[in-house]
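These are my notes on one structure, kept in the order in which I looked things up. I began with strand pairing and then turned to packing and single residues.

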Amino acid sequence: PDSILHIKGGANWRPILKIENTSTGNESGIIQFHKVASDSSEADNDYLGGIDFYGINDNNDSHRFAYMYGISTDVSDGDEDGRIDFMTAKAGTDTVTMTLSSGLVGIGTTSPASHLHIFSDAGGVDTILEVECNATNASAMLHLDSAADRDSGVYFQENGSFKGGMFNDASNDATVIMDGSNSNLMYLKGDKLGIGSDNPESILHIREGSSGGVGARLTLDNE
């Protein structure tokens, strides 16, 4: 044995460490990791415990292929925060793939800034959120659901600057497309489309709001 508890097996899917609870209640067994510093040296970002997954590579070397670690990111009394990192090996390097941090989820980042934060700085590789369904009787969908009288939308940014977006105007029951100046350009309401008008009165309603004596124009250009 090379540790305090060393369990070894030679068959497929063995050995198994089994924790069994026969209580009729709704709670079962728990595995706990405790880091107790006797000299009060606890600090932010202490590692509290983890699980490592090791295997043998084709050079017959032991290699860690994945792990999960618990971390105390803030040990201030009453303001405690925690994090769990999930790592997978990528091209021989430990790569934190997913993080659960203070109620937020990060993919590619250990400091998520929203409920789900996907980040990548890999050159030449697009960061893609893919929703796939290959069933013959179902479809892949992205469902945005807000509370009553609240708008749901998709917004586009470039290096942190707003460049456009699309949202549902709950107060007007319309779908709105915006440009980079945060101007509402197109309104789709019922079976009517308004360009410059948030209340289209016909199938296509174009409104020019600028002054100067120039009326709204529809230009057809064939080069």
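I first looked up the sheet in this predicted model. I found 6 strands in an open sheet, ordered 7-8-9-10-11-12, with mixed pairing. Strand 7 (153-158) and strand 12 (204-206) are the edge strands, and each pairs on one side only. I noted that neighbouring strands of this sheet are turned by 10° against each other on average, with direction ignored.

Strand 8 (residues 161-169) and strand 9 (residues 174-178) run antiparallel and are joined by 5 bridges. I recorded that D169 stands opposite A174 of strand 9.

I then asked which residues make up the largest nonpolar core. The core has 5 residues, namely F167, A174, V176, M178 and Y187. Strand 9 contributes the most to this core, with 3 residues. As a general note, nonpolar side chains tend to be buried together in soluble globular proteins.

For Y187 I listed the contacts, leaving aside neighbours within four places in sequence. Y187 is in contact with D169, N172, A174, T175, V176, K192, L193, G194, S197, D198 and P200. Two of these, D169 and A174, are the residues I had noted as standing opposite each other.

My last entry concerns S72, which lies in strand 2 (residues 62-74).

Definitions and conventions: Residues are numbered from 1 along each chain as its sequence is written. This is a predicted model: local features need pLDDT of at least 70, side-chain atom pairs count only at pLDDT 80 or more; totals for chains, interfaces and linings use all residues. Side-chain values use heavy atoms; hydrogens and water are left out. Two strands pair if DSSP finds at least two bridges between them. Helices (H or I, at least four residues) and strands (E, at least two) are DSSP runs, numbered from the N terminus. Axes are lines fitted to C-alpha atoms, for helices over the stretch in contact, and angles run from 0 to 180 degrees between N-to-C directions. A nonpolar core is a set of buried Ala, Val, Leu, Ile, Met, Phe, Trp, Tyr and Cys residues joined through side-chain atoms within 4.5 Å. Buried means under 20% relative accessible area, exposed over 50%, partly exposed in between (1.4 Å probe, protein chains only). Contact means heavy atoms within 4.5 Å.
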